[in-house]
Amino acid sequence: MVKRPDRRTENTQLRAFSASQNLLNQADGSAKFDLGETSVMVSVVGPAEVQLRDEKMDEATVEVVVRSAVGVSTTTEKLQEQLLRTAVEPVILGGMMPRTLVQIVVQIIKDDGSVLAAAVNGITLALLDAGIPMKFMTAAMTCMIDRVSKDIVMDPTSEELENASSVHMFAFDNLNKTPHVLLSDSSGQFSQEQYFECHDRCYEAADKVQGFLRVAVESKKQKEYQQTVNE
């Protein structure tokens with residue numbers, strides 16, 4: 001048994017998931033996703049009119065904006081935007097919405113570790129809420145390798161990340177039993193063996209996230225159905 005900052009007792013334990021959808025009236029879709037204390041709010045607008053310079057004749061233009069929890073955006077947020085766009089673009093059936101814009105805005109409410117994974121999961125829910133046609137659902141998880149013990153620590157907090165020799169975030173689709181990596185972001189020093197072990201651990205954890213996302217969507221649909229019946 002280990003003692004983690006947030007009272008988890010195993011390195012394999014994930015923090016509690018929490019999600020809600022349809023929170024912002026001025027967006028076509030929105031979702032809030034929490035991983036423990038880490039929290040993000042995602043809004044989706046689209047398909048909308050796109051500026052001529054960004055227009056694509058045969059598919060939609062996908063734009064991702066990341067806003068930090070405090071202060072103005074920095075190069076960190078710009079890098080996160082590029083990474084998230086890499087994970088999101090293959091998901092959206094852009095060919096069904098040519099010459100339009102799908103804008104995704106990720107507002108980081110609090111970053112207590114694994115914020116990029118939380119953003120990917122929040123984007124999936126927000127796209128579904130907006131009714132954007134998608135090929136599949138995406139789920140993500142983060143892990144780290146402890147600098148001292150060399151243990152793999154799942155869903156690390158900010159405090160734990162200070163002791164990481166490397167950090168790994170993976171996003172997967174839900175098409176079949178063979179995992180398809182949509183995004184792999186790793187930093188630090190690690191061996192090939194450690195990388196693939198982190199990949200496998202994150203895939204197992206992302207499968208749990210997929211299950212949670214399905215339940216969240218089904219719950220929302222059930223509430224909408226009940227409201228329709230009551231009317």
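## Close-up views of a predicted model

**View 1. A salt bridge joins Arg-15 to Asp-155, with the closest N and O atoms 2.8 Å apart.** A salt bridge here is a side-chain nitrogen of Lys or Arg within 4 Å of a carboxyl oxygen of Asp or Glu. The two residues come from distant parts of the chain, 140 residues apart, with Arg-15 in the segment before E1 and Asp-155 in the loop between E7 and H3. Helices (H or I, at least four residues) and strands (E, at least two) are DSSP runs, numbered from the N terminus. The model is a predicted one, in which local features need pLDDT of at least 70 and side-chain atom pairs count only at pLDDT 80 or more, while totals for chains, interfaces and linings use all residues. Residues are numbered from 1 along each chain as its sequence is written, and side-chain values use heavy atoms, with hydrogens and water left out. Arg-15 counts as buried because its relative accessibility is 7%, and Asp-155 counts as buried because its relative accessibility is 0%; buried means under 20% relative accessible area, exposed over 50%, and partly exposed in between (1.4 Å probe, protein chains only).

**View 2. Asp-155 also forms a salt bridge with Arg-8, within a network of such pairs.** The closest N and O atoms of Asp-155 and Arg-8 are 3.8 Å apart. This pair, too, links distant parts of the chain, with Asp-155 in the loop between E7 and helix H3 (158-161) and Arg-8 in the segment before strand E1 (17-21), 147 residues apart. Both Asp-155 and Arg-8 are buried. The network of salt bridges links Arg-4, Asp-6, Arg-8, Arg-15, Asp-112, Asp-155 and Glu-160, and the count for the model comes to 13 salt bridges.

**View 3. Lys-56 and Glu-59 form a salt bridge between partly exposed residues.** The closest N and O atoms of this pair are 3.9 Å apart. Lys-56 has a relative accessible area of 30% and is therefore partly exposed, and Glu-59, with a relative accessible area of 35%, is likewise partly exposed.

**View 4. Four strands form an open antiparallel sheet in the order E7-E6-E8-E9.** Strands E7 (152-154) and E9 (181-188) stand at the edges, each with a single partner strand, so one side of each is left without a neighbour in the sheet. From one strand to the next, the twist averages 20°. Strand E8 (residues 164-172) runs antiparallel to E9 and is joined to it by seven bridges, where two strands pair if DSSP finds at least two bridges between them. Phe-170 has Ser-184, in E9, as its bridge partner. Helix H2 (residues 115-130) lies across strand E6 (139-146), E8 and E9, and runs at about 170° to E6; axes are lines fitted to C-alpha atoms, for helices over the stretch in contact, and angles run from 0 to 180 degrees between N-to-C directions.

**View 5. Val-167 lies in strand E8.** With a relative accessible area of 23%, Val-167 is partly exposed. Not counting residues up to four places away in sequence, Val-167 touches Thr-142, Cys-143, Met-144, Leu-161, Asp-185, Ser-186 and Ser-187, where contact means heavy atoms within 4.5 Å. Val-167 and Cys-198 are 31 residues apart in sequence, and their C-alpha atoms are 9.2 Å apart in space.

**View 6. Asp-34 is found in strand E2.** At 12% relative accessibility, Asp-34 counts as buried. The side chain of Asp-34 makes a polar contact of 2.9 Å with the side chain of Lys-32; a polar contact is a pair of N or O atoms within 3.5 Å, and within protein one must be able to donate a hydrogen and the other to accept it, with residues adjacent in sequence counting only if both atoms are side-chain atoms. Leaving aside neighbours within four places in sequence, Asp-34 is in contact with Ala-16, Phe-17, Ser-18, Ser-39 and Val-40.

View 7. Most residues other than glycine have a negative phi, and most peptide bonds are trans.
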